[in-house]
Amino acid sequence: MPGAVVGAEPEPGGGVVRFARAELRIRVVVGGAVFWGWDGAEPEPSYALAGACPEADPRASLEPDKDGGWRVVSERVTVVVSRHGAVEVRTPGGVRLRRDLPPRWWEPEGGGAARWVQRAEVAADARFFGLGGRAAGPRLRGGAYRLWNTDPGGSFGPGDDPLSITIPAQLVVADAGTHLVFHDSTWDGAVSLREGDEGAGSGHDRPGTSELRMDGGPLRCWVVVGTPARVLQVWTQLTGAPCVPPSWALGYQHARWGFGDAQEVRRVVAGYRERGLALAALHLDIDHYAAHEVFTVDRQRFPRLPLLAEELRGQGVRLVSIVDPAVAVRRSGAVFEGGRAVDAFVRDATGRLVRGVVWAGDSVYPDFTAERVRAWWGGLYAERLAQGFAGFWHDMNEPVSFAAFGEPTLPRSSRHSLEGRGGDHREAHNVYGLCMARAGYEGLRELRPGERPFLFSRSGWAGMQRYGGTWSGDVATGWPGLRASLSLVLGLGLCGVPYSGPDVGGFDGDPSAELYLRWFQLGAYLPLFRTHAATWASRREPWTFGDETLAHARVALDERQRLLPYFVTLAHLARRTGAPYVRPVWWGAPEDRGLRDVEDAFLLGDALLVAPVTEPEVRRREVRLPRGRWYDTATGAVFEGPGVVTVEAPLSRIPVLARAGAVIPVRDEDGGTVLEVWAPARGTTGGGVVVADAGDGWEEPPAERFRTRWSEGRVVVEADGAEGTTGALPYPVRVRGV
């Protein structure tokens, strides 16, 4: 443990506090985020940070505190260090948000990585969120959560943990305020959470606790304090702005492991076209490879793949290719031989190639933690582009090996570059998928500089939003799997990864028509809207579930198409502000304790509240509303929040409510954009933002702001900052709720 304080030295943005057996560096950076690191730990090097660490805030200062401790005072946060090494984070008004007790760490005999434990206390009313993609949640109740990216080895449900994306970032919401804490170590670890308990009086409250145990890595962390919106904005300033997917990738996509050949692909696409169902993309899984080898094509089943891709693009459908990291060990394999020539593959401590077993058999693994290997791998996407693929999904990149190394990944003794620092798989494992995504993204930017890449990855880490999005992985078919889908999307969004979605219908099994429909209706309001299933599972095309299900699925899909301008706007706002498309209902009102416990509804942007049906045979459901007036978008019924209301949820739709005063860009029948305005309550105002679709290049379209108000008995819509009427607006207006 640190021992007693012995002194301190001021530095820009904070300073160094010295203890008998350790030292603590504290730094407040421009933007208000706080960094602290023990025993010489600095913000860099870090896989989480986007570029260099922000500059220190020159206004923050280190000064003595009572009882022999020290404090760093800044505009947005105060950090108090006790004389024995406890660290408290307080609001500018002095309210304590968290207290990290003095850490404990130890080194094994003979040297090696130091293990450490950090225990923290939060308010008794606090609720925990985040930690990456968790099937149980989005609120993280008491229990242990492992920080080790893991393929569950089959389909998963809410009780399975960990999954493919673990991120040591927690968002903590309490009456006193919201804060995010991120422990920047990529090593294996576990977080043990215990929610607090409010007793009869303030003196009897039991605080909530969070204990982090790590097997190695630096003992360092970041803390951001503020409203949820501000916390996510600062967090993505640190870790990188989220990618804006190509606009077509915000449409509906269909995948299957087991499209037999090119003719089946044509039949499936024709099925959508003949039924008038909009389809943006079709995904090819590992079975389109020759003998499952990455960057190849089975010429017998897909003899002229570029022509097929061109044919489908003419119908408005893109092809998306799966990409796995493992490379088959074949002397005649171009990828294997090319990788050997540049020494691209992971080796063990004796210098031998580390071999695992994946779909293609005996395989080796590129070391994506080396810049030169990323450059080599990124260049291989030229073959995919030449085949006509427009997007890519990375799979099996935890990484996975079917070989019995003791766990389904590479041996922990495997050696990695780690950007030239050198290390083993204990440190590299959690960032393997992140570095693979970087390799693909940077390669695609170089190969097609005029187009935004479309890439999503099963595994990743903090900062993966810089390169693309993710999806659920092999979520189990069943109502629990549906509920896990929403948990994953919400949790990842609160960790800075806004573009994600599940395998609609579940990866395995045979969903009932009702389950499939309710999942499809949920998927229509999530960023990545994709049906997908295993080769042994039933089909996922909407018409395979009967005419009634098809009719209702068409309604959901048509509504997704109508909302595409809104999704485009949300994508650009996510890049500029860090706010996820899909937000918990407490997003704008974290002080509302009832909203913190809502797990079966969400906000889509600021304007819409979506209440999916997550149980069988439900035709009416309760919805807890945030403060203000809300309209049922289907019936026009008016509800007042805060409070719990009962809404209709017929099989034909799920409840979607619009916030009074909202301005939502939607697509009209001719493909143009219309402003759908929901009347504000009398005596109040509203508004909204529109970011127009500028195509799939790198142009940054402006954010157009509009406001709504009542005037002389009518609803007036005007451009923000300008006095005028609807006639002066760049879009037609449709007012609802009057």
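Predicted model: local features only at pLDDT ≥ 70, side-chain atom pairs only at ≥ 80, totals over all residues.
**Figure 1. Overall dimensions and secondary structure of the protein chain.** The protein chain contains 42 strands and 13 helices. Its radius of gyration is 26 Å, close to the 27 Å given by the globule rule for 738 residues, so the chain is as compact as a globular protein of that length. Along the principal axes, the C-alpha atoms fill a box of roughly 80 × 75 × 45 Å.

**Figure 2. Burial and contacts within the protein chain.** Of the 738 residues, 60% count as buried. Where contacts join residues at least 6 apart in sequence, 67% of them link residues at least 24 apart.

**Figure 3. Charges of the protein chain.** The chain carries 84 positive and 91 negative charges.

Figure 4. Zero disulfides are found in a search of the whole structure. C53 is in no disulfide, and its nearest cysteine sulfur, that of C221, is 13 Å away. A disulfide would need the two sulfur atoms within 2.5 Å. C53 has 16% relative accessibility and counts as buried, because the cut-off for buried is under 20%.

Figure 5. With a relative accessibility of 2%, C495 counts as buried.

Note on methods
Residues numbered from 1 in each chain as written. Heavy atoms only, no water. Helix = DSSP H or I, 4+ residues; strand = E, 2+ residues; numbered from the N terminus. Rg over C-alpha atoms; globule rule 2.2 N^0.38 Å. Buried < 20%, exposed > 50% of the residue type's maximum accessible area, 1.4 Å probe, protein only. Contact = heavy atoms within 4.5 Å. Lys, Arg positive; Asp, Glu negative; His and termini not counted. Charge placed at Lys NZ, Arg CZ, Asp CG, Glu CD.
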